[in-house]
Amino acid sequence: MRLMLSILLPVISALMLAGPARSDLLPDEQRLLAGVNIGRMMSTLERLCSDEFQGRRAGSAEHYLAADYIASEFQSAGLAELRSDAMEGYKQPLTMRYSLIKSKNEITATLSYPSGASWKTERFSYSNYNGAGGLDLDTEVVFVGHGIHEPESGYDDYHGIDVKGKIVLWLPGQPTGVKLTKGSTAVRKMVTAYQHGAVACLICRPSGVGDEWGTNIGLAGAIADFPYLAVDEKIGSELLGASDIARRPPKVGAVGSQVKLTVTPVCDPARKTYNVVSMIPGESDEIVMVGAHYDHLGASAGGEIFHGADDNASGVTVMLEIARIIRESGLTPRRTMVFAAWTGEEAGLIGSNYFAANPPFALKRIVSNLEFDMVGQGKPGCFVTTGAASYPDHHLHIDTSAADLGILIKAEKYPGASDYLAFTRKGVPSSLIYADGEHPNYHTVRDTPAGIDRRVLESAARLGVLSAWRAANR
């Protein structure tokens, strides 16, 4: 869940245990509640938190393994695949922007150029780079004087020069005695180079300037994947074969060395990831959904794993348990039931938003959607929900089920971001369900199975299976 829980969830000292279920529950309902198996649930949660899945960071290789595991659990429980061209078995493929670095200090640019019989290589720190990276340029350097293009003022360093596909190098400032109407800022020069077809630009700065950042500087340009680097006068002179580029610059348009410029891959703009979805066919084409996000934060730069037991292996465990119980019961729901494990919630509700925008069935068929997030810690028998005011008919199944189970339901006062939002913005009756009370291990490496309260997890499954079944049959 993408919430600041220390702010959103008030601290209440008294623990509330779930009361006994009412004796007048229907036989089918009693049968389903009897199927809740906390031992099986803990095994599921521990598997989701295993080192094998390395914190289930969306788009990672280990996240793919977690998707495979959830799909295999759907299959072994006997749940059906959704019949749609948008699906690959139990998986709905999609792409997301995926960062390839663990620290901004890892972003670098490398400039290599011939020097005599050998090559020199200069490394640039590029912590503010805003592109995707992964660039590998091999081209010539062209000197463009001060890099100014202002023909209306009678001055144009680019006149008669073709810089398409080349790296341009310019001197800072502007020549003496020239009056410009638009100025000569570095950003304007960068944009000018880009408009003339250059693939990168180098600004030649006086030696000694900016040495606190190292010999060379990678500057944050306003254009993604258009490298903008500052080199000292010595390098500038070597690139253009000049003895002293500042005092005796070469002729504007002079072509220098063939150089190689690379920028480390910063992100994969289209990393593949998956929602994992299954169904229990009902007697009608109306749909009740049960969902939870299965991604978490991955591992730290130091190798510490964010296991994400409460956030949100607990929600996925509850979702899977509901699906297993209903399937094992042999009961056929009146409405079709769809079970979903969402990807990329921690990266910005990516999976659920994609599903809502590209559904394998018409969203208007969904009459009720229950999303479980962080139901492994907190106060047993007390949950917070959304949607009571906006969707009273949908929420009634949660209210009545909680009352029959002796569970306290509280209305969400501080709306947070989780997957239910992807559906409410499309008008789908949806509720987020999470455990009230403190979640002290939120987004820390301490969020492990050892911190899970079995009473909270079991009561979430009891509330979930009864609410979902009633939504599907009443």
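Predicted model: local features only at pLDDT ≥ 70, side-chain atom pairs only at ≥ 80, totals over all residues.
Residues are numbered from 1 along each chain as its sequence is written, and side-chain values use heavy atoms, without hydrogens or water. Local features need pLDDT of at least 70 and side-chain atom pairs count only at pLDDT 80 or more, while totals for chains, interfaces and linings use all residues.

**View 1. Helix H6, residues 233-240.** Helices here are DSSP runs (H or I, at least four residues), numbered from the N terminus. Since 6 of its 8 residues are buried, H6 is largely enclosed by the rest of the structure; buried means under 20% relative accessible area, exposed over 50%, partly exposed in between (1.4 Å probe, protein chains only). The buried set is Glu-233, Ile-235, Gly-236, Ser-237, Leu-239 and Leu-240.

**View 2. The Glu-52 and Arg-47 salt bridge.** A salt bridge puts a side-chain nitrogen of Lys or Arg within 4 Å of a carboxyl oxygen of Asp or Glu; here the N to O distance is 3.4 Å. Glu-52 is partly exposed at 40%, and so is Arg-47 at 34%.

**View 3. Asp-268 paired with Arg-271.** This salt bridge has an N to O distance of 3.1 Å. Asp-268 is partly exposed at 23%, whereas Arg-271 counts as buried at 19%.

Notes:
Helix = DSSP H or I, 4+ residues; strand = E, 2+ residues; numbered from the N terminus.
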